[in-house]
Amino acid sequence: MMMKLRLYTCKVILATSLVWFICGVVLMMYYTDCIGDNSAACQSFRNQKVQGISLRAQKFFRLTEPSTTSVDEHFRYWSSVVVNSNPSHWPGEMGRAVVIPPEDEELRKEKFKLNQFNLLASDRIALNRTLPDVRAEGCKTKSYAPKLPSTSIVIVFHNEAWSTLLRTIHSVIRMSPRELIEEIILVDDASERDYLGRPLEEYVSKLSVPIRVLRTGKRSGLIRARLIGAAEVRGQVITFLDAHCECTVGWLEPLLDRIAEDRSRVVCPIIDVISDASFEYVPASDMTWGGFNWKMNFRWYRVPQREVDRRHGDRTLPVRTPTMAGGLFSIDKDYFEKIGKYDEGMDIWGGENLELSFRVRSSFVVVVVHCLEVCVRLFSAASLEDRCQRNRFSSFLIFRRQKYGF
């Protein structure tokens, strides 16, 4: 009798599992048919799906946005940038490494402690140094829409070195069409160094682009500080940059062009490397995309063959990536608001890139554009690992909600 009962129970469990499996397959096929499909049937399905759920829950659904038209007040005609190079013998020009002589080695070590990079080398490089154009030849001849949306550049800093912060600002101004830069917003996250106070405000007030300096008043962290800056932007597109990066020629136009085609795209550049030891410019591979491991750590992985095939081998075309690095990207400000922005509960930095990727990942709208390069130095932040882990757990909750609905 007991054996029959056990056999009957096993049959019920297997039958129930089979039913749920079939239901899962049917639902998956039904949803997959509408991914990236803008047909009337799928648009109707999306509208029905959104009706009857809370506004907060709607933020986690990817809603197809119409392309912003050329008559938009934030769209402007623009002209290409003409870059005048500095004398080739200047330190660091064209991305060359800066060599510190032996007699300055002790000074180099002392300054290294301030920001965890070779500050002495940075201070010897011109604020407007020129970097080589390493784009593929096909990228150099690409054309973009004659009218593009304006962008506000948001840069958050905390005790940043004077030379790296100003070099970031100067590279944005020098390498960007003036018509497309609405403003640059600097968000000071409770810096304690005097030169980042009144001297910084006086310096940037004399530059050719409107620059505002916002102060958090207390240590808020990268994520909350970015939200403060994003709330103040006037341009149609928000472009987030790190405070220690350098833009190269042609960096901005491809970002804005992709968003002009579809405002629900989140667009990232290829992130090259500036050596923290010598400030040498090191181009990165264009055959990687963003992913993450089971510890919710962001990792670079090789672009899979299916994505290579989708682009028919044309490496000048953008890559659709599951997740992004998060330090440098552009996003339409209305779309940023629609998807819920950043989680204000996250501390300092770390994990926010995965969280934002998960909010938009359902249709692969995170795009890495291969016809632009932005350099960023490497740095270590091991002391923030605990906060990063909490942030990554928050990102996991977003991922679970997106994938499983709870």
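I searched the whole structure, which is a predicted model, and found three cavities of 30 Å³ or more. I then picked the second largest cavity, which has a volume of about 40 Å³.

Which residues line the second largest cavity? I listed Thr164, Arg167, Thr168, His244, Cys245, Glu246, Ile274 and Phe279. Sorted by class, this lining has three nonpolar, three polar and two charged residues. I also checked where the lining comes from: helix H7 (162-175) and strand E7 (245-247) each supply at least two residues. The largest share, three residues, belongs to H7.

**Backbone angles.** Next I turned to phi. Most residues other than glycine have a negative phi, so I noted exceptions. Met94 is not a glycine, yet I read a positive phi of about 60° there. I placed Met94 in the loop between strand E1 (75-77) and helix H4 (105-115).

Is Met94 buried, partly exposed or exposed? I put Met94 down as partly exposed, because its relative accessibility is 37% and that class lies between 20% and 50%.

Lys341 went on my list too, with a positive phi of about 55° although it is not a glycine. I found Lys341 in the loop between helix H12 (333-338) and helix H13 (352-360). Its relative accessible area is 26%, so Lys341 is partly exposed.

**Surface.** Last, I looked for nonpolar patches. I noted one on the surface formed by Leu18, Phe21 and Ile22, with about 330 Å² of accessible area together. I traced Leu18 to helix H1 (residues 2-32).

Key:
Residues are numbered from 1 along each chain as its sequence is written. This is a predicted model: local features need pLDDT of at least 70, side-chain atom pairs count only at pLDDT 80 or more; totals for chains, interfaces and linings use all residues. Side-chain values use heavy atoms; hydrogens and water are left out. Patches are made of residues with over 30% relative accessible area and no salt bridge: like charges are joined within 9 Å, nonpolar side chains (Val, Leu, Ile, Met, Phe, Trp, Tyr) within 5 Å. Accessible areas come from the Shrake-Rupley method with a 1.4 Å probe; for residues, only the protein chains shown count as cover. A salt bridge is a side-chain nitrogen of Lys or Arg within 4 Å of a carboxyl oxygen of Asp or Glu. Helices (H or I, at least four residues) and strands (E, at least two) are DSSP runs, numbered from the N terminus. On a 1 Å grid over the protein atoms alone, a cavity is a set of points where a 1.4 Å probe fits but cannot get out, and a pocket is an open set with protein on both sides within 12 Å along at least five of seven lines; lining residues have an atom within 4 Å of a point. Grid points are joined across faces, edges and corners, and a volume is the space filled by probe spheres set on the points. Ala, Val, Leu, Ile, Met, Phe, Trp, Tyr, Cys and Pro count as nonpolar, Asp, Glu, Lys and Arg as charged, and the others, Gly among them, as polar. Buried means under 20% relative accessible area, exposed over 50%, partly exposed in between (1.4 Å probe, protein chains only).
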